[in-house]
Amino acid sequence: MAVSSQGRSSGSLQQQLAALAAELDRHDHGDIAVKLLENLVSISRSEADRLDWEILHGALSDISKAFEVFHPGRAQRKVSVFGSSRTDPDHPVYAQCEALALALVQGGFDVLTGAGNGVMEAANKGAGPGRSYGLDIHLPFEQAVNRYIESAPRLITFRHFFTRKLFFLRESDGLVVMPGGFGTLDELFEALTLIQTAKTPPIPVVLLAPRGDDYWLSWQHYVNSALCRRGMISHEDHTIYRLLDSVEGAVTHIARFHRVFHACRFDGNRLQMLLNLAPSDTQLAWVNHNFADLLLRGSIEAGRTSTAQGTLATLEFWFDMRHMGRLYALIDHLNSWPADRQLAAA
């Protein structure tokens with residue numbers, strides 16, 4: 001099918017759709033593609049105007065570019081780093097962030113940032129262009145791609161904040177948040193909300209600032225006094241994140257989170273925890289006794305499943321999603337198991 005210099009097909013709309021339909025008919029996930037097309041037709045029957053269609057086009061373009069960039073490294077564990085674009089290079093937070101990114105890479109993680117200046121620049125600098133990604137965003141001010149990621153093939157420029165934040169969490173196996181402004185706190189609270197409501201699987205969340213910097217202690221005081229004391233969050237929600245003041249502590253916490261715990265899969269309220277270590281009968285009984293409050297019904301059952309990484313052990317149960325903080329406590333317990341049993345991965 002011919003394409004003009006403007007990137008538009010020279011054929012009729014029907015010809016273009018017929019060619020796309022033929023391609024999708026051979027696709028492994030063609031059934032889902034059909035549902036997407038049905039949604040587009042449904043929108044076309046509505047009163048959506050050109051701006052509505054531009055929003056849809058921009059969102060799908062963002063997603064398409066992100067898939068293209070992230071797919072080759074999908075198996076590589078990654079950590080997102082959030083923080084202020086206004087942090088000066090001579091500030092202790094900048095130095096700590098640069099050291100953090102270097103330590104994460106040395107620990108086997110790639111690094112994701114917002115591609116801007118300040119904390120983002122420090123993280124891209126510390127990780128290096130070959131081990132970091134930049135998720136840029138169109139802004140009328142402030143945002144400029146930093147020199148450590150601007151020419152890298154792992155740079156994506158998003159039109160929309162919501163698609164950008166989607167990929168920060170979708171691609172991350174850990175999150176480190178350093179002092180920042182409204183944007184940083186927006187990213188943090190959205191991450192905590194999506195984790196708390198099980199819209200994104202559990203990952204380690206570290207709130208990091210240099211020793212003596214009271215940024216996160218002040219934030220914690222607000223959370224305790226304005227949210228927890230009023231019953232707007234539960235006390236156990238504090239286990240979702242960890243306040244730390246050292247690079248070593250942050251990297252150790254993130255690496256330990258994935259020691260036994262591998263990942264989670266949600267199917268409604270049915271939760272499957274993938275593990276790198278198979279539980280003994282005694283360990284399984286202990287977990288059932290001490291974490292029964294996680295259950296809607298039934299018990300926690302052990303099993304095995306096939307993944308792209310091989311065969312992994314599992315724990316499966318009907319999960320009461322009101323207790324995400326307690327799920328983090330369970331993950332912490334699993335990661336404390338002694339490594340005296342064979343790893344589950346085949």
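Strands S10 and S11 form a hairpin with two residues between them. The model is predicted: local features need pLDDT of at least 70, side-chain atom pairs count only at pLDDT 80 or more, and totals for chains, interfaces and linings use all residues. Residues are numbered from 1 along each chain as its sequence is written, and side-chain values use heavy atoms, with hydrogens and water left out.

**Strand S11 and its partners**

- Helices (H or I, at least four residues) and strands (E, at least two) are DSSP runs, numbered from the N terminus.
- Strand S10 (residues 295-307) pairs with S11 in the antiparallel sense over nine bridges; two strands count as paired if DSSP finds at least two bridges between them.
- Within this pairing, Thr307 stands opposite Gly310 in S11.
- Strand S9 (residues 270-275) also pairs with S11 in the antiparallel sense, over six bridges.
- The bridge partner of Arg270 in S11 is Trp318.
- Strand S11 (residues 310-319) has seven buried residues out of ten, so it is largely enclosed by the rest of the structure.
- Buried means under 20% relative accessible area, exposed means over 50%, and partly exposed lies in between (1.4 Å probe, protein chains only).

**Nonpolar cores**

- A nonpolar core is a set of buried Ala, Val, Leu, Ile, Met, Phe, Trp, Tyr and Cys residues joined through side-chain atoms within 4.5 Å.
- The largest one has 56 residues, and those with the most contacts inside it are Val205, Met273, Phe317, Leu327, Leu330 and Leu334.
- Helix H11 (residues 324-334) supplies the largest share of this core, six residues.
- Domain 1 (71-257) and domain 2 (260-335) both give residues to this core, so it lies between them; the domain bounds come from an automatic or database domain assignment.
- A second, separate core has 24 residues, among them Tyr94, Phe109, Val119 and Leu208.
- Not counting residues up to four places away in sequence, Met273 touches several residues, including Phe261, Ala313, Leu315, Phe317, Leu327 and Leu334; contact means heavy atoms within 4.5 Å.
- In soluble globular proteins, nonpolar side chains tend to be buried together.

**Two alanines with positive phi**

- Ala115 has a phi near 75°, a positive value in a residue other than glycine.
- Ala115 sits in the loop between strand S2 (110-113) and helix H5 (119-127), and is buried, with a relative accessible area of 0%.
- Ala198 has a phi near 65°, a positive value in a residue other than glycine.
- Ala198 lies in the loop between helix H7 (182-196) and strand S6 (205-208), and counts as buried at 13% relative accessibility.
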